[in-house]
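These are my notebook entries on a single structure. I set down what I looked up, sheet by sheet.

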Amino acid sequence: MIEFGHGTHTGLRRTRNEDTYYADASLGLFLVVDGMGGHRHGEVASATARDGVVAQVSAGQSLVDAIQRVNEALLARSSGLAESRPMGTTIAAVRIVGRSYEAAWVGDSRIYRWDGELRRLSHDHSIVEALVESGELTEEQARAHPQRSVLTQALGITSPAQLHIGLARGELAPGARLLLCTDGLTDEITDARIGEIVARTDIAAQESVDHLLLEALGGSARDNVTVILLRAAA
C-alpha cells in the first residue's frame, strides 16, 4: 500500500553525518533524526534515538511512549559524559497502520503531508518558530535568522517533565504523501519547491527523494540532509 523512497547526505560543509533514519514498511515505522553534540556525540545520539524508538515500537509501545523513553535514556547517558555539552537529537517519526497514520516529533525535523497541496503537519520547537507565531518575524525572515537552529526542545537535553512531543493523526487518502526531513533540506529549499517535487506523478518516490537531495546540494548545503517520502497507493 505504501511506496517509499529515502536517502541521506553529509552535505557540502560537514565532515560527518549526524543524521540518520529508519524506514520499514512491514512495521509501518518511518523516522528521521538529527543529532547534535560535541565530538561524535551527535552521531551517537541520533543512532541511540533511532534504535531505541524502533525497539520500543517493535515491542508494542506507542510512538509517544517510545520517544519519552528514548529521551530518558539519552539524558542518563549524557549524565555520564565528562563534557558540559550534552548530546541530543531531534526526531520526526510516522507510524502507519492501514490507511491511518500517527506522526510525532521533537525539535525542528519536519513532517509534511501532500494531498493536492503541501501542508506542514509538524511544528518546529525553535526560537524562530515562536517569533513567527507571535508575529515578530515573517517566514522569509525566519529562514535567514541567525538563531534559526536554536531549539527549545530536543531529546537528550529537555527534561522529561518539560518535554513536549508534537502529535498529529490522520487518514491517508489514495495518492496522498507524507514527507519526513531534517532541517538540512528545509534550510535550502522552500516549501513551495518541495511541494512541486513531491507532487510529481511521473517519477517514483525514490526519484523524488533523489531530486530533493540534489536540489539541497545545489545550494549551500551547510548541513546534513535526510529525506523519506511515503506515497499511499492510488
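Entry 1: the strand pairs around E10. I began with strand E9 (residues 177-181), which pairs with E10 in the antiparallel sense over five bridges. I noted that Cys181 stands opposite Val227 in E10. The model is a predicted one, and I read every value here as computed from it. I then turned to strand E1 (residues 2-9), which is joined to E10 by eight bridges, again antiparallel. In this pair Glu3 stands opposite Arg231 in E10.

Entry 2: burial of E10. How many of the residues of strand E10 are buried? I found eight of the eight in strand E10 (residues 225-232), so the strand is largely enclosed by the rest of the structure. I also sorted its residues by direction: Val225, Val227, Leu229 and Arg231 point one way, while Thr226, Ile228, Leu230 and Ala232 point the other way, and all are buried.

Entry 3: the sheet that holds E10. I traced an open sheet of five strands in the order E1-E10-E9-E6-E7, with antiparallel pairing. E1 and strand E7 (118-120) are the edge strands, each pairing on one side only. Neighbouring strands of this sheet are turned by 15° against each other on average, direction ignored. I recorded three bridges between E6 and E7, which pair in the antiparallel sense, and Leu118 in E7 as the bridge partner of Trp114. Helix H6 packs on the sheet, where it touches E6, E7, E9 and E10, and its direction makes about 55° with that of E6. Helix H7 (residues 205-218) lies across E1, E9 and E10 and runs at about 25° to E1.

Entry 4: Arg113. I looked up this residue in strand E6 (residues 110-114).

Entry 5: E2 and E3 run antiparallel and are joined by six bridges, with Val32 in E3 as the bridge partner of Tyr21. These two strands form a hairpin with four residues between them, and Gly28 in the turn has a positive phi of about 70°. I counted seven bridges joining E4 to E5, which run antiparallel, and noted Val94 opposite Ala103 in E5.

Entry 6: helices H1 and H2. H1 has 18 residues and reaches 25 Å from its first C-alpha to its last, close to the 26 Å expected at 1.5 Å a residue. Among the buried residues of H1 I noted His41, Glu43, Val53 and Val57. Their cover includes E2, E3, H2 and E4. Just after H1, Gly60 takes a positive phi of about 105°.

Entry 7: the nonpolar cores. Which residues have the most contacts inside the largest nonpolar core? I found Leu29, Val53, Ile67, Ile91 and Leu155, in a core of 22 residues. Elements giving two or more residues to this core include strand E3 (29-36), helix H1 (41-58) and helix H2 (63-78). A second, separate core has 18 residues, including Trp105, Leu121, Ala176 and Ala232.

Entry 8: Thr190. I placed Thr190 in the loop between helix H5 (183-186) and helix H6 (191-199). Thr190 is partly exposed, with a relative accessible area of 37%. Its C-alpha atom is separated by 29 Å from that of Gly156, 34 residues apart along the chain.

Key:
Residues numbered from 1 in each chain as written. Predicted model: local features only at pLDDT ≥ 70, side-chain atom pairs only at ≥ 80, totals over all residues. Heavy atoms only, no water. Core = buried A, V, L, I, M, F, W, Y, C linked by side-chain atoms within 4.5 Å. Buried < 20%, exposed > 50% of the residue type's maximum accessible area, 1.4 Å probe, protein only. Pairing = 2+ DSSP bridges. Expected span 1.5 Å × (residues − 1). Contact = heavy atoms within 4.5 Å. Axes fitted to C-alpha atoms, helices over the stretch in contact; angles between N-to-C directions.
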